[in-house]
Amino acid sequence: MSVQKKKQEKKNRPDILNLIRYGIAAAVVVYIGVLLALRGNSSTPFDQVEAAVEETMDVSTLKKGSGQELKRFYGFSESDCDSVCLYVPEESMAVEEMLLVKTKNGSGTESIREAMESRRDTQIQNYEGYGPEQVKLLEESVIKEKGDYIIYIVSPNAQSVANAFTDVL
């Protein structure tokens, strides 16, 4: 009987190995699918993304930022990107702003993210001690990246704007 058991065990091993192989293959396929889904649809026109974001964010107290403001606040110029939309506050004590960037072929996203984080950190330092409401807004700001797009949002409804950004892509 023990010889038969050994034969049966050997017969079952390939089945278990095949199951493990199929399981690993399925996990790899799911992983690749998730990566592709998170990459986003960068073929969405910039104007369409900009419109969806502007529709969700209250830009009535903001003004369109210039190339000079982009360079001064973030340290890069419009020519470094495919497309840019910047809104800055009209009032000196306001911190609400939005920067939407479409990178050139997905390159430079990391440096733009770092510029956005640096801007946020600088603003927090500027308002610490005398602008608790501004600091709270800055701490709750959102930086979101999807495909060739990246957005920085400082707004009371930053998460809603970020959701609109994600949904349109």
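Visitor: How many bridges join strand S1 to S2, and in which sense do the two strands run?

Guide: Strand S1 (residues 62-64) is joined to S2 by 3 bridges, and the two run antiparallel. Before the details, some conventions apply: the model is predicted, local features need pLDDT of at least 70, side-chain atom pairs count only at pLDDT 80 or more, and totals for chains, interfaces and linings use all residues. Residues are numbered from 1 along each chain as its sequence is written, and side-chain values use heavy atoms, with hydrogens and water left out.

Helices (H or I, at least four residues) and strands (E, at least two) are DSSP runs, numbered from the N terminus. Two strands are said to pair if DSSP finds at least two bridges between them. S2 also pairs with strand S3 (residues 97-102), in the antiparallel sense and over 5 bridges. Tyr87 in S2 illustrates both pairings: Lys64 stands opposite Tyr87, and Met98 is the bridge partner of Tyr87 in S3. Strand S2 (residues 83-89) is mostly covered, with 6 of its 7 residues buried. Here buried means under 20% relative accessible area, exposed over 50%, and partly exposed in between (1.4 Å probe, protein chains only).

Lys64 deserves attention beyond its place opposite Tyr87. Its relative accessible area is 46%, so Lys64 is partly exposed. The side chain of Lys64 meets that of Glu50 in a salt bridge (2.7 Å, N to O); a salt bridge is a side-chain nitrogen of Lys or Arg within 4 Å of a carboxyl oxygen of Asp or Glu. Because Lys64 lies in strand S1 and Glu50 in helix H2 (residues 46-56), this pair ties together parts that are 14 residues apart in sequence. Glu50 is buried, at a relative accessible area of 12%. A further salt bridge joins the side chains of Glu54 and Lys64 (3.7 Å, N to O). This pair links distant parts of the chain, with Glu54 in helix H2 and Lys64 in strand S1, 10 residues apart. Glu54 is partly exposed, with a relative accessible area of 24%.

Salt bridges that share partners, for their part, join Glu50, Glu54 and Lys64 into one network. The structure holds 7 salt bridges.

Helix H4 (residues 109-127) is also the place of Gln123. Gln123 is buried, at a relative accessible area of 7%. Leaving aside neighbours within four places in sequence, Gln123 is in contact (heavy atoms within 4.5 Å) with Val95, Glu97 and Leu138.

Leu138 leads on to helix H5 (residues 132-139), whose buried residues are Gln134, Val135, Leu137 and Leu138. These four cover an arc of only 160° around the axis, so they lie on the same side of H5; the arc is that of the directions from the helix axis to the C-beta atoms. The buried residues of H5 pack against H4 and strand S5 (149-154). On the face turned away from the buried side, H5 carries the exposed residues Pro132, Glu133 and Glu139.
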